[in-house]
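Q: Could you show me how to read a pocket and a sheet in a model such as this one?

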Amino acid sequence: MTLIGKSIPRIESRDKVTGKALFTGDIVLPEKILIGKILYSPVPHAKILSIDYSEALKVEGVKAIITSEDFPPKRTGLMIEDEMTIARGKVRYIGDRVAAVAAVSEDAAREALRKIKVEYDELPSVFDPIEALKEGAPLVQDDLISEGTAKKLGIDGNLCSSMELIQGDLDKGFAEADVVLEDTFRTPKIHHAFIEPHVTLANWDPEKGVMIWTSSQGYFVIQQKISAIFSLPISKVKVFAIETGGGFGGKIPLFAEHLACALSKKAKAPVRIYIDRDEELRFGKPRFSSVINVKIGVKKDGTITALHSKLYYELGAWADFGPILMYAATNNGCGPYKIANAKLEGNAVYTNKISGASFRAPGVPQYCFALESMINRASAAAGVDSLLLRKKNAVRDGDVRISGEPVRGDSFIKVLDKAEEIINSKPNKDEIGIAACIWETRAAPSSILLRLCDDGRVAVYTGISDLTGSRTIFAQIVSDVLDIDMESIEIISPDTSTAPVTPPTSGSSMAFNVGYVVKSAAEALKADIIKIAAGRLETEDVSKIIFEKGKALNPESGKSISIAEVAQYSRRKLGKVMFAQNSSVAQNSATLFGLQLAEVDVDSETGKLDVKKITSIHDIGKVLNPLLLYGQVEGAVIQGFGFAVSEEIVFDDKGRVLTDNFSDYGTPTIKDVPEIDVVMIEGELSKDGPYGIKGIGEPPVVPTAPAIADAVRKKTGAVVNELPLSPERVFKALKNKSYI
């Protein structure tokens, strides 16, 4: 019996659709839970002259108010510790947290917020990354500079971090080209639009520490940050595993957990902070916006001779995921192509706008839009079919990226061959947009604990935040290795003080990394079972034991023993409780390739797009669960579609968000999304992923926007360099159209 490769529904799906599953908003405690609310800055950049909350404290039902005085004067942050836990001395964007209130009711909390008086001395602001790098631009992190810590953190003015990668001779490469094109692209900030907004519940106990329930992708990240902020032993920060209603990268860093902890500590009662939808869109941490310049040189035979890219990612007021963002984008800087001469310059820049966070394939969709658009335009200018150009320059197994990392696998050509087959079957093949991508699923340390119980059930202890069906995948793996049914496996997620440590659920890596240790631990448990069973079945040769359907069989004697009997014998007679644990890291990351085909209609009178179909082709290694895999791909394509055609956080000239609801923001509905055809290419297995899987959550969001933009160009001749491809932008491009 094996369930590997079967479409098994997520094991928690019934509880979710029937309302039994518990999210943070559902948690009930013996004590009265207070309502927490946050006061945000109404100005983009200002000194805080005073905060007076004396009148707010008089509001009936108010139990606590916190400001920077309630936190130690130290910074936090996901990658660079540049971030104030709450505004101290100045505010840096509209939405910076100034104070927070805990009250017995939401009305009392809101009334108290209205009565807090904050006096500001407004400062000049900067909202564009290019403007922020100019001499004399207002400094967002002037405190870090005056403290003397900016230099230690690698911060130079408003430039938070940068990296430069070079290979070959750029001048020589451009001199060899028959066609040289250069253009600049812009992408907006967009929100993750997860169904469950951020919500967190904290209960501070002066003796036991703090207990936290939160909508998060990484409980151990929250544990570590709270421990550091409040100088608590890490064992006294217990973050409980709870269902999470979507994250897509936006729920990795702290959001309101530290505010709830401080309020709970001061009010001496549990406090829950629920971020409203308009708060999410105005003050949440979206995908970083970008300005990207690409110059490319191509020969008429299709050889890409040179590439020079300059990337400017706008961080907002805090770094958050910025340094990794630059690494991910520039590491993918040449796409899935061998380019002899290339230079990539990445810059992550502070501005006085809301700060960003990780978002599915962080940093890569923005750059892929620019790079793949230029690949398509250069192909047209050189008179070379864009698919043939991609084949001519495709990376192969063992090629080295510009970052120095190896390419693992040789399946990009298979992806291109499948795309060619599909395109050639279409009557409209000259109008189909094309874009490709490369992705690396990275190895990360993970741990797991499996226990064989006396009744033959296997308990799997894990510290994951399950966003993608990980529990189901783990159960499938254990079921396959031990040849037992899914109902005999229980996935248990204790709090962070006792659970095996796992990385955050991100980067398409959960099944790859944690699945790797689950499979290894299950195999170790199986070996122990067989060893004990062999003794009970009167043979010393374990190779003679056949293991199937939860039983060990000695074919020579015909005797068998169930794993339940083995567990009982081991514990009662041998004094050994049967368990297996594994804490390790895969030795090899996995390289994936993908390509999407877009078919669109364009209304020439209005510029409105009708995206008919997206075909998403991916090299996957091995499919463990088609149902879950297709859900991941379709969800990612829909997010890529929104990024391409409609989603945009719009700011006014003061950095204030104007799109604070889903209608204005442009989230696609089921009526908007195109037909999605998912094509999976199996067979080229990863070295370390369980059964050869590579991970799939991120890549399908990457090439959607450039594929749609290419389809618009082929259909109409209109070139659009800024997302989203709104009717206004497409209409303007139609009026000024260029065929490359």
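A: Let us begin with the second largest pocket, where β21 supplies the largest share of the lining, four residues. The model is predicted, so local features need pLDDT of at least 70 and side-chain atom pairs pLDDT 80 or more, whereas totals for chains, interfaces and linings use all residues. Residues are numbered from 1 along each chain as its sequence is written, and side-chain values use heavy atoms, without hydrogens and water.

Q: Which residues lie nearest the centre of the second largest pocket?

A: A pocket is an open set of points on a 1 Å grid over the protein atoms alone, where a 1.4 Å probe fits, with protein on both sides within 12 Å along at least five of seven lines; lining residues have an atom within 4 Å of a point. Here 24 residues line the second largest pocket, and I11, E12, E243, R471 and I491 lie nearest its centre.

Q: In what order do the four strands of the open sheet run?

A: Strands are DSSP runs (E, at least two residues), as helices are (H or I, at least four), numbered from the N terminus, and two strands pair if DSSP finds at least two bridges between them. The order in this open sheet is β21-β20-β19-β25, with mixed pairing. Because β21 (489-492) and β25 (579-584) stand at the edges with a single partner strand each, one side of each is left without a neighbour in the sheet.

Q: How many bridges join β19 and β20?

A: Strand β19 (residues 446-452) pairs with β20 (residues 458-461) in the antiparallel sense over four bridges, and L452 has V458 in β20 as its bridge partner.
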